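The following questions and answers concern the architecture of one chain and its contact with a partner. Please consult the sequence and the structure shown here.

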Amino acid sequence: MPKFQGVDYYNLDELLSEDEILVRNTVREFVDEHITPVIEKHYIAGTFPMDLIPKMAELGLFGPTLPAKYGCAEMNNVAYGLMMQELERGDSGVRSFASVQSGLVMYPIYAFGSEEQKDHWLPKLAYGKAIGCFGLTEPDYGSNPGGMVTRAEKKDGGYLLNGAKMWITNGTLADVAVVWAKLDGEIKGFLVEKGTKGFTAPEMTGKHSLRASVTSELVFQDCLIPEKNLLPKSGGLKSPLMCLTQARYGIAWGAIGSAMACYDTALNYAKSRIQFDKPIASFQLTQEKLVHMVTEITKAQLMCLQLGRLKDKNKVKFTQISMAKRNNVYHALEIARVAREILGANGILSEYPVMRHAANLESVKTYEGTHEMHTLIIGEDITGIPAFV
Amino acid sequence: MKIAVCINHVPDTETKVKVGADGKSIDRAGVNFIINPYDEFAVEEALRIKEKQTGEVVVLSLGGDTHKETLRKALAMGVDKAVLLKDDTPRDSYSVAAALSAALKELAPEVVLFGKQSIDSDDAAVGLMVAEMLGWASVAVAVKVEIADGKVTAEREIEGGHEKVEATLPVVITAQKGLNEPRYPSLKGIMAAKSKPIEEKPPAPAQNRAEVVEMRKPPAKSAGKIVGTGADAVPELVRLLHEEAKVI
Ligand SMILES: Cc1cc2nc3c(=O)[nH]c(=O)nc-3n(C[C@H](O)[C@H](O)[C@H](O)COP(=O)(O)OP(=O)(O)OC[C@H]3O[C@@H](n4cnc5c(N)ncnc54)[C@H](O)[C@@H]3O)c2cc1C
């Protein structure tokens with residue numbers, strides 16, 4: 001495979017600053033050198049490449065938009081998005097790791113935590129000395145997290161947690177879990193540390209998607225956590241949803257990365273695979289597929305770029321993030337499927353990245369709000385009529 | 001200690017270059033440019049010397065505004081200062097070396113690092129010409145560098161082995177692959193580099209001694225031939241290599 005040279009049909013680099021380009025190119029190189037060579041092996045084995053964690057931390061990939069005083073890069077949202085794009089070009093599972101650590105663990109501690117919690121956890125998480133996870137989804141409450149049954153009860157010396165979370169990325173690996181539970185009927189965030197009595201995090205197995213990522217259950221049985229581990233500024237469903245907005249923003253960019261990997265692979269393959277004495281890229285049907293791919297990638301790039309600029313100005317609406325997540329993941333999955341077609345039988349092999357991306361994107365389409373839920377979120381926004389129930 | 005590194009902004013090794021309309025330069029459209037890979041070893045080495053002995057690392061690049069991208073990358077890796085000798089005119093190695101040595105004379109570093117060659121025109125000449133123009137010692141194709149007590153001890157790659165050399169400072173060193181493993185600029189480093197200015201200066205005017213008159217790509221390879229398979233094909237293959245290709 002020739003080295004990835006980027007996909008920029010509309011000269012969008014002209015709209016990026018020098019440092020944004022440098023961030024992207026640095027992560028791009030990192031992915032090509034450290035992720036791509038090992039990812040298929042981990043995917044097949046169903047393991048997360050643990051040795052990447054210190055390398056990712058050294059590069060500064062965890063919580064890079066947070067303030068420098070916590071050891072973070074304090075970069076803007078466009079640079080953050082480009083970083084996510086490149087990571088997911090490597091693998092959705094690796095991007096998920098970074099998304100969870102940054103958007104779903106460091107962000108809530110930063111936004112809802114006490115000064116002590118921030119000072120204690122943020123540098124550790126930034127330097128990869130601690131891993132975090134985010135527990136919202138439950139076996140019986142996915143798209144409707146507000147119905148959660150996990151409960152916290154005030155006791156002497158802290159809170160007693162009871163309940164179970166499911167589908168939790170990094171759960172088994174995590175040193176700290178941001179867990180959402182109802183305290184007197186109101187949703188609150190709690191920090192649950194690994195090893196706390198009554199807390200277990202068994203890994204879920206049997207996934208056909210996101211295999212290079214650890215997914216776990218979190219089980220709380222009379223788990224007593226100290227009072228200081230409540231996120232004091234959290235309150236209501238809005239708090240976890242604010243976290244999801246951060247992570248969804250990264251996913252919208254990440255999906256472009258997967259799509260680029262599939263398009264790039266399909267384009268190179270189509271130019272070199274000969275059938276009927278010609279490269280298959282010379283057939284109109286193949287060209288149409290490739291054109292469709294690059295067009296959708298270009299549209300997604302434009303969408304994300306403006307989304308990022310709005311986010312940097314604090315003007316972004318969560319419904320706009322929903323639109324980019326919904327659109328970009330949908331098209332990335334379509335692109336992965338069509339790339340698989342172009343590669344024919346080779347498309348199903350782990351020698352090429354497309355089947356892995358296609359399988360990964362099935363998860364990405366569902367998590368952080370399913371495609372349907374984002375449809376309803378935007379639907380409510382434009383009609384004023386909620387159609388969830 | 002003051003250390004200078006001269007770095008170039010060159011087409012990515014993976015880029016398929018085309019000859020431009022003028023027939024003597026490359027078509028830059030759609031070409032990704034990167035820091036010259038050998039220069040990256042030079043920057044890394046400079047940073048390691050600085051980290052061991054304290055001091056300052058200054059990078060210089062001669063070229064147009066696009067070279068700022070490469071200077072910015074060096075700043076993000078941890079370099080302290082960057083100077084762009086701003087000039088878009090085509091130059092030969094002599095003319096580049098003359099401009100760089102003039103700028104270096106003013107800067108007065110104790111160590112100057114270059115990549116052993118720039119992968120765009122592959123002359124492998126500039127670093128050593130600069131040493132000559134400055135009247136300094138030079139160590140070319142270094143794979144190990146140690147600096148102590150006003151002296152450099154370096155290992156050079158030579159055909160079939162290594163050579164250990166010593167020289168007194170000031171010195172010009174050109175870096176070979178294997179000298180070190182260059183670091184990535186960290187995201188924090190990239191953000192910090194935003195506040196480091198790039199100083200722009202006009203270089204000494206071009207005084208080319210050689211001129212590119214034509215550039216062309218090698219002729220396209222003709223299709224290969226399968227002589228046969230298995231051991232039976234070997235005698236025929238040997239005969240063809242000997243009689244037709246005349247390589248054995
Ligand atoms: C690999 C992976 C990692 C994950 N990581 C995490 C994590 O780290 N933390 C975490 O908290 N969660 C995580 N999740 C969970 C994820 O967020 C949920 O799976 C998601 O919210 C959907 O919930 P569900 O699977 O229960 O589907 P359901 O909510 O049961 O939905 C099933 C189907 O019904 C549709 N549907 C539901 N309600 C409506 C409606 N009102 N109108 C129309 N259609 C509707 C959905 O769109 C979907 O198509 C992860 C999931 C996966 C697959």
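Q: At about what angle does helix 3 of chain B run to strand 4 of chain B?
A: In this predicted model, local features need pLDDT of at least 70, side-chain atom pairs count only at pLDDT 80 or more, and totals for chains, interfaces and linings use all residues. Residues are numbered from 1 along each chain as its sequence is written, with chains lettered from A and ligands numbered from 1 in the order in which they are written. Helix 3 (residues 93-107) of chain B lies across strand 1, strand 4, strand 5 (81-86) and strand 6 of chain B; helices (H or I, at least four residues) and strands (E, at least two) are DSSP runs, numbered from the N terminus. With axes fitted to C-alpha atoms, for helices over the stretch in contact, and angles running from 0 to 180 degrees between N-to-C directions, the value is about 150 degrees.

Q: Which strands of chain B form the edges of the open sheet?
A: The order of the 9 strands in chain B is 9-8-7-10-6-1-4-5-11, with mixed pairing; two strands pair if DSSP finds at least two bridges between them. Pairing on one side only marks strand 9 (161-168) and strand 11 (198-201) of chain B.

Q: Which helix of chain B gives the most to the side that touches chain A?
A: The contact (C-beta atoms, placed from the backbone, within 7 Å) takes 15 residues from chain B and 17 residues from chain A. At least two residues each come from helix 5 (187-193) and helix 2 (67-77) of chain B. With 5 residues, the largest contributor is helix 2 of chain B.

Technical notes: Two residues are in contact if their C-beta atoms, placed from the backbone, lie within 7 Å.
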